[in-house]
Structures are given as structure tokens and as C-alpha cells.
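Thanks, everyone. I have one model to show today, and I will keep it short.

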Amino acid sequence: MDILNVLLGEHGVFYGQFEYLEQVLPGVSAIEEVQGPAGLLAAAVETHSALEDDLLFAAIEPHLDAGSPDVLGMRMMHEAITTGFERVRLARDLHAAREACVGVIELARQHFRSEETVLFPKARLLLAEEARDTLGAAWADRRGVMRAFGMWR
Amino acid sequence: MNIIDALLGEHGALYVEMDRLEQALQDAPAHARALAAIVGIAIDCHSRLEDELLFRVLARQSTEAEGIVRSMQRMHGDIADALAQIRALPGGPAARDLALNVTSLAREHFSAEEELCFPLADEVLPEAVLSRLGARWAERREIAAVRTR
């Protein structure tokens with residue numbers, strides 16, 4: 001399985017959840033109902049960032065010029081997204097939690113769009129199909145996908 | 001892009017969210033409905049995409065494929081029913097227990113897809129079909145730019 005495709009698969013799940021949260025946030029009446037769902041999303045998005053950092057970005061960095069902004073910028077956005085989720089977790093009132101949640105969703109969406117339009121197409125050119133499949137297998141192992149049945153892809 | 005890769009990617013994100021949901025439900029059962037809703041919306045959408053894209057095509061391939069798809073769709077129905085029951089509750093222990101049941105059902109279902117359904121689809125559907133379905137998946141999920149490999 002191709003690492004780029006499975007990471008896009010994860011983006012797909014997150015986009016649907018961002019949209020859902022944006023719809024329900026205005027009607028939420030308890031801070032826990034912002035922080036709880038945002039905490040679940042944070043767990044998935046932050047591990048998604050870590051998988052990109054450790055697997056995909058580490059693989060393409062040697063192919064890029066030293067100091068290339070492509071990966072550096074994405075890593076910085078990962079840190080900003082983590083900070084954004086932390087802001088939701090630390091909020092003391094509903095309004096602050098809601099505002100922080102809207103902010104981190106917008107940031108994450110912008111980041112995913114950048115990856116999809118700039119970095120992933122570049123990675124598809126830089127990494128051979130076999131290398132992308134090897135990284136995909138490492139992703140599956142880390143995510144616990146197909147763990148019980150061995151790799152058939 | 002291959003639709004099976006995309007759907008496996010969705011499983012990967014959902015596994016970690018279900019792990020975290022189970023922890024959160026123990027800590028805050030009063031908010032079980034809100035907690036379950038964010039994961040439930042993603043599971044419902046994932047099931048719909050499988051039904052409308054991959055399963056519809058796969059079921060036409062053979063009697064065996066049709067049987068496996070029916071079994072997967074029954075599981076989708078069971079999960080959707082449990083999620084609907086949670087939405088009808090105000091939260092609390094009953095919603096928490098139903099949400100825990102959903103994560104258990106969904107894990108079992110994802111495993112069945114990974115063991116039976118996806119390998120079968122990979123075997124019987126031509127690469128061009130899987131790529132075409134992947135492009136439709138990307139369109140439905142509003143992924144910005146997708147190239148076939």
C-alpha cells in the first residue's frame with residue numbers, strides 16, 4: 001500500500017469530522033462537549049502528524065536541498081496544530097474553547113490542503129513506488145491496520 | 001489512487017480515535033453522546049462510501065463476493081443502528097455502554113474487511129477499476145489533488 005494514499009485516507013476522515021464540529025459548535029452549551037470531541041480528534045491528528053514526520057518526511061528530506069522549506073514548513077505547521085489543540089484543552093470557558101477549536105480546524109484544513117497540492121505530489125515524484133509501499137507497510141504496523149492478518153498489499 | 005489504500009487509511013485514523021473514545025467514555029460518561037458523535041459521524045460516512053463505491057462493484061463479481069458484501073453491509077447496519085440509539089439518549093451510562101458496543105462492533109467489522117473483503121477486492125477488481133473508485137472516493141472526501149500511481 002502506498003503511504004501517500006493511506007495518509008490521504010486519514011485526511012478524508014478528518015475533513016468530515018472538521019465539518020461536523022463546525023456545524024455543532026455554535027449550539028454546544030458545555031465546555032466538555034467541545035474539549036471531549038476535540039481531544040479525540042487531537043489524538044488522531046497528532047499521531048497522523050507524527051507518522052508523516054517519522055515516515056514520509058524523513059524519506060523525502062534526503063532528496064531535497066538542504067534547508068528546503070517544503071518539509072520544514074510542514075513540520076512547523078504540525079507543531080502549530082499541536083499548540084492549537086492544546087489551546088482547546090487548556091481553555092477555561094466555553095467561548096475560548098469554541099474559538100480555539102474553530103482556529104485549529106482551520107489551521108489543520110489549510111495544512112492538509114498544502115500537503116495535498118504541494119508536498120504529496122512532489123513526494124510521489126521523489127519516491128519510487130516500492131519505497132512508498134515500504135513506508136505504507138510501516139504506517140500499517142504503527143496504526144495497527146491488518147496487524148492480525150499479515151500484509152497482503 | 002487505489003480505493004483500498006484510501007479505505008485502509010480511514011481505518012487507521014478510526015482505530016486511534018476508537019482507542020481514545022474508550023478511554024474518554026470511562027472518564028466522562030455524562031458526555032458519552034457528544035464523544036461518540038464525532039467518531040460515529042466518521043464511521044457512518046466511511047460505511048456509506050464503502051457501500052456506494054467499492055461494495056456495489058465488488059458484489060457483482062461473483063456469488064462469493066456478493067455473500068461477503070452482504071455480510072459487511074449487515075455489519076454496517078448494526079453499527080448504524082447502535083449509533084442512532086446513542087443519538088436518541090441524553091448521555092450517561094446507557095449511552096456509554098452503547099458507545100463501547102459500537103467500538104467493539106466497528107473493530108470486528110474493520111478486521112473482517114481487512115481479512116476478507118479488501119483482499120478479495122484486490123484480487124478480482126482490475127487496477128483501473130480500483131483507481132477509478134479511488135478518484136471517486138477522493139472527490140466525495142474533497143481531497144484536493146489526487147494522481148493515480
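I will go through one chain, then a single residue in it, then the contact between the chains.

This is a predicted model. The C-alpha trace of chain A spans about 50 × 40 × 20 Å along its principal axes. Of the 153 residues in chain A, 43% are buried. If we take the contacts in chain A with a separation of 6 or more, 76% of them are between residues 24 or more positions apart.

Now one position, A:Ile105. A:Ile105 sits in helix α4 of chain A, residues 94-126. Is A:Ile105 buried or exposed? A:Ile105 counts as buried, because 24 C-beta neighbours fall inside 10 Å, and the cut-off is 20 or more. Setting aside neighbours within four places in sequence, A:Ile105 is in contact with A:Phe18, A:Leu21 and A:Glu22. A:Leu41 is 64 residues away from A:Ile105 along the chain, and their C-alpha atoms are separated by 9.9 Å.

Next, the two chains together. The contact takes 43 residues from chain A and 40 residues from chain B. On the chain B side, α1 (3-27), α2 (32-58) and α4 (93-124) each supply at least two residues. Which of these gives the largest share? That is α1(B), with 16 residues. By class, the side of chain B that touches chain A has 23 nonpolar, 11 charged and six polar residues.

That is all from me.

Notes
Residues numbered from 1 in each chain as written. Chains lettered and ligands numbered in written order. Predicted model: local features only at pLDDT ≥ 70, side-chain atom pairs only at ≥ 80, totals over all residues. Contact = placed C-beta atoms within 7 Å. Helix = DSSP H or I, 4+ residues; strand = E, 2+ residues; numbered from the N terminus. Nonpolar A, V, L, I, M, F, W, Y, C, P; charged D, E, K, R; others polar. Buried ≥ 20, exposed ≤ 12 C-beta atoms within 10 Å, placed from the backbone.
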